[in-house]
Amino acid sequence: DDWETTWQVLHERYPFLVATEGDLVKGIAWASPWKLRGAYDWTAEVSVYVRNGHEGQGIGRALCSRMLEIMDEQGYHAIVAVIALPNEASVALHQSLGFELGGTLKRLGYKNGQWRDVSYWQRPHGNADDSAPPPLKLVSEVAN
């Protein structure tokens with residue numbers, strides 16, 4: 001229900017991808033605003049989750065790779081990823097896709113009963129032209 005609500009709010013501007021096998025959702029990825037102020041219209045945050053038990057099958061890579069392709073086509077200038085640590089698999093995935101560590105904030109997130117450090121990753125994207133137009137809206141895409 002939370003993801004459906006997120007999709008309803010964001011899908012006109014930000015990609016939202018779902019990996020399924022039959023009725024089983026194996027993974028999900030979406031983009032969202034980095035900040036709500038107009039100065040950040042060319043920057044977005046990406047999130048990717050793979051269902052427990054389905055890690056290591058390339059689902060996260062496939063979702064994130066397609067997400068970045070779509071966002072390049074839309075004209076985003078920078079993409080941000082936020083990773084609660086420790087998460088070696090997510091760090092490795094994002095590094096392999098061109099993300100660079102921007103910084104780490106200590107004990108920022110609370111997850112699974114513990115305070116976690118949170119790292120911020122950035123992937124420069126698209127045109128570095130200072131007069132770039134705002135990112136394009138999406139046209140829906142469905143693929144199996």
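Mentor: We begin with a definition: two strands pair if DSSP finds at least two bridges between them. Helices (H or I, at least four residues) and strands (E, at least two) are DSSP runs, numbered from the N terminus. This is a predicted model, where local features need pLDDT of at least 70 and side-chain atom pairs count only at pLDDT 80 or more, while totals for chains, interfaces and linings use all residues. Residues are numbered from 1 along each chain as its sequence is written, and side-chain values use heavy atoms, leaving out hydrogens and water.

Trainee: What order do the strands of the open sheet have?
Mentor: The order of its 6 strands is β1-β2-β3-β4-β6-β5, with mixed pairing.

Trainee: And which strands stand at the edges?
Mentor: β1 (16-21) and β5 (100-111) do; each has a single partner strand, so one side of each is left without a neighbour in the sheet.

Trainee: How do β4 and β6 run, and how many bridges join them?
Mentor: They run antiparallel, joined by 7 bridges. In this region, I83 stands opposite S119 in β6.

Trainee: Changing topic, how many salt bridges are there?
Mentor: The count is 4, where a salt bridge is a side-chain nitrogen of Lys or Arg within 4 Å of a carboxyl oxygen of Asp or Glu. One of them joins K106 and D117, with the closest N and O atoms 3.6 Å apart. K106 lies in strand β5 and D117 in strand β6, 11 residues apart.

Trainee: Is K106 buried or exposed?
Mentor: K106 is exposed, at 61% relative accessible area, whereas D117 is partly exposed at 23%. Buried means under 20%, exposed over 50%, and partly exposed in between (1.4 Å probe, protein chains only).
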